[in-house]
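Trainee: I have a structure to read and some questions. Can we go through them in turn?

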Amino acid sequence: QKPPVTEASFAAARETGDKIEVALRWTESTEETYRSYANGIRTPQGGTHENGLKSALRKAVQSYIDTHDDVKKQSKGLKITADDIREGVVAVLSVFLRNPMFQSQTKDRLTNEGMESAVDNFVRPALEAWLNNNKSVADSIVGRIILAAKAREASRAAASEVKRKTPGSRRLSLP
């Protein structure tokens with residue numbers, strides 16, 4: 001059986017002449033991968049545009065979870081973090097600006113003020129609408145996020161159990 005498609009793409013131009021394009025995909029990986037560009041220039045250290053994308057992902061998925069009772073029941077008692085939501089995400093973000101500002105001459109990081117909120121305000125509603133229009137895919141994405149949260153909590157519990165049982169933590173009385 002073919003796995004469900006878990007990808008979404010969005011594009012828009014803003015009144016200011018700026019343009020934002022996003023492509024997202026959730027994978028089985030435990031890593032998150034971002035490729036961001038500003039005016040076609042790769043920004044390997046991200047920047048304000050990438051921060052806006054990460055914020056929008058968290059807000060959109062959390063909103064989906066909060067508004068759907070069946071999903072809310074699955075995650076009952078779990079504290080879902082931003083890392084759980086972004087686990088396995090592969091994203092490509094491209095912004096086109098009139099006056100891009102970079103951290104250094106090597107253009108590794110975009111520093112334009114307002115880009116974080118611009119990307120957030122564009123991606124969040126588009127992703128929320130996409131999740132609501134593709135409920136079966138959205139439910140599989142949320143199921144993956146819930147598994148990530150459960151794995152994180154189980155790992156934390158196992159680590160604290162090991163720490164509690166290690167011989168170095170007990171005091172030995174010497175004769």
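Trainee: Is Glu32 buried, partly exposed or exposed?

Mentor: First, a caution: this is a predicted model, local features need pLDDT of at least 70, side-chain atom pairs count only at pLDDT 80 or more, and totals for chains, interfaces and linings use all residues. Residues are numbered from 1 along each chain as its sequence is written, and side-chain values use heavy atoms, with hydrogens and water left out. Buried means under 20% relative accessible area, exposed over 50%, and partly exposed in between (1.4 Å probe, protein chains only). Glu32 has a relative accessible area of 29%, so Glu32 is partly exposed.

Trainee: Which side chain meets Glu32 in a salt bridge at 3.0 Å, N to O?

Mentor: A salt bridge needs a side-chain nitrogen of Lys or Arg within 4 Å of a carboxyl oxygen of Asp or Glu. Glu32 sits in the loop between strand S2 (19–26) and strand S3 (33–38), and its partner lies 54 residues apart in helix H3 (residues 82–86). The partner is Arg86.

Trainee: Which residues are linked with Glu32 in a network of salt bridges?

Mentor: Arg86 pairs with Glu32 at 3.0 Å. The network also takes in an Asp.

Trainee: What separates Glu50 and Lys54 along helix H1?

Mentor: Their side chains meet in a salt bridge at 3.7 Å, N to O. Glu50 is buried at 10%, whereas Lys54 is partly exposed at 23%. Both lie in helix H1, and the separation is 4 residues, about one turn of the helix.

Key:
Helices (H or I, at least four residues) and strands (E, at least two) are DSSP runs, numbered from the N terminus.
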